[in-house]
Structures are given as structure tokens and as C-alpha cells.
Amino acid sequence: DGVRLSNWGAPLIDIGEYTYPYDKAMRYVSSLGNLREILVIGQYSPHFGLQFYLEKYDFQPKIHEFYFGTNRFDTYTERQKLVQVFDLLPNSPDVILYHSVNNIDLDTYEVYGEKFMITKRIRNSVNSIYIFININQN
């Protein structure tokens with residue numbers, strides 16, 4: 001069915017890329033049209049899972065990653081880091097994929113960093129990926 005097989009890791013401790021719903025997220029993002037750049041944020045270690053799904057959906061935007069440090073963090077710290085990243089953005093990607101390692105709830109009606117709104121939250125029992133779209137792009 002085109003789903004990547006699990007290879008290692010324990011989903012409840014978040015050390016395998018398959019703990020995130022990448023397949024559903026990339027299917028949705030690839031359907032949005034001609035996107036040039038995607039910024040991936042929120043993770044604290046590389047999961048290397050996106051490339052498989054980019055190839056699966058024949059989707060090749062430029063991918064940038066911004067890690068939230070190297071250690072897992074609590075909900076309070078995650079919220080702080082998310083607010084800070086919008087202040088640090090050097091450019092404006094078309095889409096941001098945000099890994100919520102604590103499955104936090106975000107306001108889907110809020111405009112983040114004056115340019116981004118959540119268009120979709122894809123979650124499983126452990127983690128979420130929020131998809132933010134740049135509302136200032138043509």
C-alpha cells in the first residue's frame with residue numbers, strides 16, 4: 001500500500017520516524033499545488049522519514065529543517081520554542097510542517113508570525129503534525 005515499513009524504535013518514546021503521520025501529511029501537502037519550499041520544525045532529532053514520502057508522491061520542494069534542540073522537551077518548552085521560531089524565520093516558506101512531540105493543541109484560527117495559518121492537523125495517538133500555510137504567498 002506504499003506505507004513505509006517500521007524499522008526500529010519504540011513509538012511511545014519517539015525515536016523512530018514512523019511515530020509521526022508522515023504519509024497522510026505528505027499526501028495532503030503534495031495536493032496543495034506547486035510549492036517551492038517547506039520548512040520542517042519541532043523535532044529534536046532527525047527522523048529521515050520525509051524523503052520516502054516525497055518520492056512516493058512525486059513531490060520535490062526544497063526542504064529546510066529547524067530542530068528544537070537535541071533533547072526531548074516538555075509541553076511548556078515546546079510552546080515557547082514554537083513562538084520563538086516564527087520570530088526567527090529568515091524567509092517565508094510556502095508551508096511549515098510542525099512536529100508536535102507533545103501533541104499540544106494549537107488554535108487553528110490564529111495567524112502565527114503574521115503570515116501562517118494552520119490548514120490541517122494530522123495526528124495519531126502519540127504525535128501530531130500541524131501544516132501551516134503561508135497566507136501571504138501568491
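## Tyr-98 and its ring pairs

At 0% relative accessibility, Tyr-98 counts as buried (under 20% relative accessible area, 1.4 Å probe, protein chains only). The model is predicted: local features need pLDDT of at least 70 and side-chain atom pairs 80 or more, while totals for chains, interfaces and linings use all residues. Residues are numbered from 1 along each chain as its sequence is written, and side-chain values use heavy atoms, without hydrogens and water.

The structure holds 11 aromatic pairs, meaning Phe, Tyr or Trp (six-membered) rings with centres within 6.5 Å; planes under 30 degrees apart are stacked, over 60 edge-to-face, the rest tilted. The rings of Tyr-98 and Phe-132 have centres 6.5 Å apart and planes at 65°, so this pair is edge-to-face. Because Tyr-98 lies in strand β3 and Phe-132 in strand β5, the pair ties together parts 34 residues apart in sequence. Strands are DSSP runs of E, at least two residues; helices are runs of H or I, at least four; both are numbered from the N terminus. Phe-132 also pairs with Tyr-130, tilted at 45° and 6.5 Å centre to centre.

## Helix α3

Helix α3 covers residues 75-88. Its buried residues are Glu-78, Leu-82, Val-85 and Phe-86. The face turned away carries the exposed residues Tyr-76, Val-83, Asp-87 and Leu-88, exposed meaning over 50% relative accessible area.

Tyr-98 touches Glu-78 and Leu-82, among others (heavy atoms within 4.5 Å).

Definitions and conventions:
The expected span of a helix is 1.5 Å times one less than its number of residues. Lists of a residue's contacts leave out its neighbours within four places in sequence.
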